[in-house]
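Please load the model in your viewer and keep the selection panel at hand. The stops below go from strand pairs to the whole chain and then to single residues.

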Amino acid sequence: MNTGLTDNGSGSPGTQASRPASLDSFIIGPEDRILVTGAAGFIGSRVVESLLDRGFRNVVCLVRPSSDLARLETSIDNRPPGTGVEVLRGNLLSRADCEAASKGVAVIYHLAAGTGEKSFPDAFMNSVVTTRNLLEASAQYACLKRFVLVSSFAVYSNRQKSRQLDETCPIEAHPEHSGSAYCFAKVKQEQIVAELSKKSSIPYVVVRPGSVYGPGHTGITARVGISAFGPFLHLGGSNKVPFTYVDNCAEAVVLAGLIRGIEGEIFNVLDDDLPSSRQFLKLYKKHVRDFSSAYVPHVLSYALCYLWEKYAQYSDGQLPPAFNRRRWYAEWRRTNYTNAKLKQRLGWVPKVSSNEALRLYFKSCVQRGQHA
Amino acid sequence: MLKVGIVGCGKIADAHATQILRIGGCEIVGVCDREPLMARQLFERFPVKAYFSDVADLVTEARPDVIHITTPPESHFDIARFCLDHGCHVYVEKPFTIDTNRAQQLINLAEEKGLKLTAGHNLQFTHAARRLRALVAQGYLGGRPVHMESYYGYDLGNAAYVRALLGDKNHWVRRLPGKLLHNIISHGIARIAEFLTGNDIRVTVQGSTSQLLEGIGENEIVDELRVIISDSNGTTAYFTFSSQIRPLLHEFRIYGPKNGLVLDQDHEVVLRLRGSKFKSYADYFIPPVLFARQYLGELLRNAKLFMTQDFHMDAGMKALIESFYRSIRENAPVPISYREILLTSRIMGSIFDQLRQDILDEPSATRSKANSAFQGESVVIETVCR
């Protein structure tokens, strides 16, 4: 990748030539009703924008009662009359809200999930129970053509023999031992989608984005390093970071709901020309804020995770098992990634190059005063 | 082997299951949640024998000796009464019930059935809290407590619970008589209730919504509370609940006629406050050295607890559960007296009654006046609870 981060002068994403997907290859038409849950979120608002850009005129945005609509409003404002966007405030824990939202819907993009929660029950409730409610509600109406679950790389155990991680790699078999409520909830969420979709004959597709970043996102992914103990510990080293810029990710999510013949498939979403962890950190320090960091070699980070895990077990959880070998494999093992399936089956190409995406991200970090 | 059941499989149930499993001589025979998925996720993550979506099935099929109720507070009374009716001892998470009448009914029923009850005032059983209690029992204060101060800080910033609360106008916390306060302040009030000896309790309340909450359009939640409590034996207490003070204190101070004690819950430290003074300039130099010595002692004590794997985040809950189970096995007194449970409930009820009159039922148009009055003009309402 080019690390020069040159400004193209437009202030907006530099687009690459993308292979336009033909309307004939879509399972729905522009007037079909589409539901986007989590529509006010970081990715959801871009998904709505992408759908509207593609000419879909019957988009229902489900947002939490407390959601800040600023992002979504940015995506839907200044559209011509007849754009057809409806914003519903509701709670996916309410079956009535799920029924109201999913009525007459042809495609559901399910992005709403419990994020940032340390509690396993909270994460589970806001990811799994909500997903169950939505699937059962939508099954009542026989018009759903596809359910798109936006999952995460967090589900992968990354313990395959090869260093290559693709969609065929196993997911975490014991997410309850991962120390991550998010991992647990996402694995269980995928399981319930598979289970209920089979039971109710709902066609579904799973999208697993890597580390989604872009303007509006905060902080540095733990795949690069952590600052939980004061100084920033750089753990990624020369690992490639499976970044996907938010607009590129949204494009992949949208295509996963539209393209014919991909029912039951899983798609990893990550950009081309991924920076290494070291490259990213260097650029971040140069363009956003300089701070001291200490590199922790992989052998040492593995040993520390192992010791932490053993002590957590030995002490009956006096230290919570936040660091363990499962997490090390999932986040810090040297891994190669591929987006070949995404390109081949969905015709996806990144709208924004990694170079341009990083420039936009760092610029927004500076503007918002966000730091690691 | 004591057979244990848990009703309600949300966040706090995780803490209960974890601590129960650290105690010898007991097993979790079943967990229950009316949402089967929630019951199943707890069942899958802990060594639990079965899961249920109906408490009746838990009671009849798993036949637990003791049941922990970790559901939202509105349901505590009905579930606890059902469990007591079916011969189970009951640990009820805080707040015990939504009002004192229901608390009294449960206690009467437990006594009638020869069963044990306790409330989830687990912060009363942390290592530091137990040390303070032991010092008071040894007479360190030099007599009956004269005055107490209890601080309970609450961070509105990052808690997922508060985000859920603020976002959902139908959240169960909003349906409680005391709303947010109702679900939290029992820890701080119980500290005071434990040491009140008189029967007539006078409660004076001032409450307001912080500018932080007002700024995001939240006018129903009182997150700044100041309470003065006194009993008929002349003991007084201040209770402070705040989302805005920094540091967010969790502290209890108790003063007797001779000496005082400070419980710093955030740092698991208990300090002795000497009532007597040193002569002249010595009072400027010797006490800091004595305080330093006390802090060093507390540091070493905490380090020892950590090294011996007895310094878990929920150590207080483990100690309370252990003590409660011991009272069941040995038919010994319960760890938290029923008087303390009722007194905590009465004081909280009095606080919420006053807030309802003074603030909670006040139209939002006049709320700002009440808030500004909080600076020094507000009318103080007193109630006496007997």
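Select Val4(B) and then Ile28(B), which stands opposite Val4(B) in strand 2 of chain B. These residues belong to a parallel pairing over six bridges between strand 1 (residues 2-7) and strand 2 (residues 26-32) of chain B; helices (H or I, at least four residues) and strands (E, at least two) are DSSP runs numbered from the N terminus, and two strands pair if DSSP finds at least two bridges between them. The model is a predicted one, in which local features need pLDDT of at least 70 and side-chain atom pairs count only at pLDDT 80 or more, while totals for chains, interfaces and linings use all residues. Residues are numbered from 1 along each chain as its sequence is written, chains are lettered from A and ligands numbered from 1 in the order in which they are written, and side-chain values use heavy atoms, with hydrogens and water left out.

Now widen the selection to the sheet around this pair, an open sheet of six strands in chain B with parallel pairing and the order 3-2-1-4-5-6. Strand 3 (51-52) and strand 6 (117-119) of chain B stand at its edges with a single partner strand each, so one side of each is left without a neighbour in the sheet.

Next, select strand 7 (residues 147-153) of chain B, where six of the seven residues are buried, that is, under 20% relative accessible area, with exposed meaning over 50% and partly exposed in between (1.4 Å probe, protein chains only). Which strand pairs with strand 7 of chain B in the parallel sense? Strand 10 (residues 236-242) of chain B does, over seven bridges, and Tyr152(B) stands opposite Phe241(B) there. Strand 11 (residues 250-255) of chain B runs antiparallel to strand 7 and is joined to it by six bridges, with Ile254(B) of strand 11 as the bridge partner of Met148(B).

Two loops of chain B deserve a stop for their backbone geometry. Most residues other than glycine have a negative phi, and most peptide bonds are trans. Between strand 10 and strand 11 of chain B, select Pro247(B) in the loop; the bond that joins Arg246(B) to Pro247(B) is cis, with omega about 0°. Another cis peptide bond, with omega about -10°, joins Lys94(B) and Pro95(B), and Pro95(B) is found in the loop between strand 5 (89-92) and helix 5 (100-113) of chain B.

Zoom out to chain B as a whole, which has 15 helices and 14 strands. Its radius of gyration (taken over C-alpha atoms) is 22 Å, close to the 21 Å that the globule rule (2.2 Å times the number of residues to the power 0.38) gives for 386 residues, so chain B is as compact as a globular protein of that length. The C-alpha trace of chain B spans about 70 × 55 × 40 Å along its principal axes, and 56% of the 386 residues count as buried.

Finish in chain A, at Ser201(A), which has a positive phi of about 55° although it is not a glycine. Ser201(A) lies in the loop between helix 5 (181-200) and strand 7 (204-209) of chain A and is exposed, with a relative accessible area of 62%. Asp316(A), also not a glycine, has a positive phi near 55°; select it in the loop between helix 8 (298-314) and helix 9 (325-332) of chain A, where Asp316(A) is partly exposed, with a relative accessible area of 45%.
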